[in-house]
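Here is a short report on one protein model. Look over the sequence and the structure before reading on.

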Amino acid sequence: MTGHQFLSLHLLETLVAVLPVRDENGAPKAIVYGGAERHMITSQARRRAERVYSRDRANAQKGPLAGHTMGVRTREWALITARALAASHGWEQEEAVQTARAVLQATGLKFGDPAKKTVANLTKVLLFAPSDAGERIAAHVHAQRETVGSWAAEYLPLAQAAAKPARSGRRNKKQEEHEAGATPADTESDTGGPASKLPPLPKTTRDAVLTALAPRDAIDIALYGRFLAEIADSPNVDGAIQSSHAFTVHEAEHTDDFYAAADDAKLDRKSNALDFLEAADDAGAGMTGYQSLISGTFYRHAVLDRRKLRGNLRAAGMPDQDTESAAVAAEAEFVSAFVDAFPQAKKNSTASTGSLPALVLAFDGDRPFNYAAAFQRPIDEVAEGGPAGELAVRRLLSHHHFVRQRRTDISAGRVLTYDPTIHAVLQELGIKDVDSVDGLTS
């Protein structure tokens with residue numbers, strides 16, 4: 001890789017009457033910054049929207065990553081593997097599920113309570129792995145069906161016995177670990193019980209499972225990273241993308257919007273009532289309630305570590321001749337997702353996903369640069385004489401110009417706007433903007 005290590009992206013967007021993320025009580029998230037309360041959209045919500053946006057485009061053969069492998073983050077790998085065993089290899093469904101769960105559990109993954117059907121075949125944690133991991137595990141298990149079947153015939157009864165609570169009702173160490181979520185494979189019985197006798201998974205099968213679950217050539221795992229503590233010898237990935245929480249550049253308050261939903265059947269009876277008493281009985285809305293909505297101009301920031309991205313791809317086994325082209329494509333897709341992706345929450349009732357940024361600033365540097373400090377003093381539209389979006393653009397660009405005058409490890413930058421008013425501001429400032437997202441990458 002030549003040139004600067006980091007690509008920094010800074011974005012200003014104005015959102016009106018939306019609710020893209022909520023807290024545990026269904027209320028908008030907020031922070032206090034610069035002595036003022038601001039609306040906040042968490043980086044987790046944005047990162048998922050960006051990751052899914054890129055994955056869907058790649059799977060649809062669109063965008064720079066068309067044809068590349070992408071990842072899936074789910075608790076359902078046992079069920080996915082079982083479906084592949086049944087659909088592609090003709091296994092009976094029950095045998096497929098039991099075998100897939102046993103193989104993954106013996107590899108080190110923890111599963112839900114076997115007595116609860118809704119979670120029995122789900123892992124305790126979400127596992128981010130290449131989308132074809134289930135098919136690869138299923139192909140190996142089917143190829144080694146005799147060996148894996150013999151192992152499973154011994155493993156499953158012992159695992160089921162170890163999962164049953166002791167009939168005496170005495171709470172021993174094994175019971176407490178089981179109630180805390182540990183599986184039989186994770187514990188050792190002090191009395192030499194079933195948990196201490198579980199047969200280990202054959203090494204060839206365990207290696208095949210670890211290889212299938214490894215990041216391999218999944219581009220989004222290299223970009224966003226993953227953490228898997230349950231399997232010590234399964235590689236974790238420190239992602240190449242850093243993302244900040246978005247916040248309003250001004251003080252903000254949410255709006256509690258009262259709504260009333262009509263009951264179609266009730267209204268139909270009322271419209272066809274034969275007398276006023278029958279009509280009166282059907283008065284009133286079907287249901288009522290409140291939903292909170294937020295509005296404002298938000299600042300958000302993300303940075304791509306180009307060197308880390310290439311290192312992740314090489315560490316996952318990508319040949320050197322493919323790494324550079326994949327990294328360039330991943331960078332272009334990262335920028336596209338940062339600009340165009342939006343969280344899906346309340347999209348049908350707020351049309352929030354149609355929002356376009358007022359300004360995107362992209363530049364290269366030898367370290368990340370976060371410009372949140374430019375908005376520590378909240379913008380006051382009345383005192384400063386203008387709309388927050390335009391004032392924020394001027395402040396952000398002024399901040400970048402000031403920093404660049406004092407740093408030698410930063411480029412001039414490239415800007416994109418979808419707002420004609422902001423375009424006029426850029427012309428006034430003597431700044432030439434690019435015509436598309438493609439122009440934001442160097």
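## A term to start with

A polar contact is a pair of N or O atoms within 3.5 Å; within protein, one must be able to donate a hydrogen and the other to accept it. The model shown is predicted.

## R414 in strand β11

R414 sits in strand β11, which covers residues 414-416. Its side chain reaches the backbone oxygen of L440 at 2.7 Å. Is R414 buried or exposed? R414 counts as buried, because its relative accessibility is 16% and the cut-off for buried is under 20%.

Leaving aside neighbours within four places, its contacts include L7, V360, F363, D364, V434 and L440.

## T297 in strand β9

T297 belongs to strand β9, residues 287-305. T297 is buried, with a relative accessible area of 4%. Its side chain makes a polar contact with the side chain of T14, at 2.8 Å.

Beyond four places in sequence, T297 is in contact with T14 and others, among them E13, F247, H250, A388 and A392.

## Helices α3 and α7

Helix α3 spans residues 93-107, and helix α7 spans residues 203-213. Their axes lie 10 Å apart, at an angle of about 90°. Therefore α3 is roughly perpendicular to α7.

From α3, the contact uses V103, L104, A106 and T107. From α7, it uses T205, R206, V209, L210 and L213. By class, this contact has 6 nonpolar, 2 polar and 1 charged residues.

Notes:
Residues are numbered from 1 along each chain as its sequence is written. This is a predicted model: local features need pLDDT of at least 70, side-chain atom pairs count only at pLDDT 80 or more; totals for chains, interfaces and linings use all residues. Side-chain values use heavy atoms; hydrogens and water are left out. Helices (H or I, at least four residues) and strands (E, at least two) are DSSP runs, numbered from the N terminus. Buried means under 20% relative accessible area, exposed over 50%, partly exposed in between (1.4 Å probe, protein chains only). Contact means heavy atoms within 4.5 Å. Axes are lines fitted to C-alpha atoms, for helices over the stretch in contact, and angles run from 0 to 180 degrees between N-to-C directions. Angles under 35 degrees count as roughly parallel, over 145 as roughly antiparallel, 65 to 115 as roughly perpendicular and the rest as oblique. Ala, Val, Leu, Ile, Met, Phe, Trp, Tyr, Cys and Pro count as nonpolar, Asp, Glu, Lys and Arg as charged, and the others, Gly among them, as polar.
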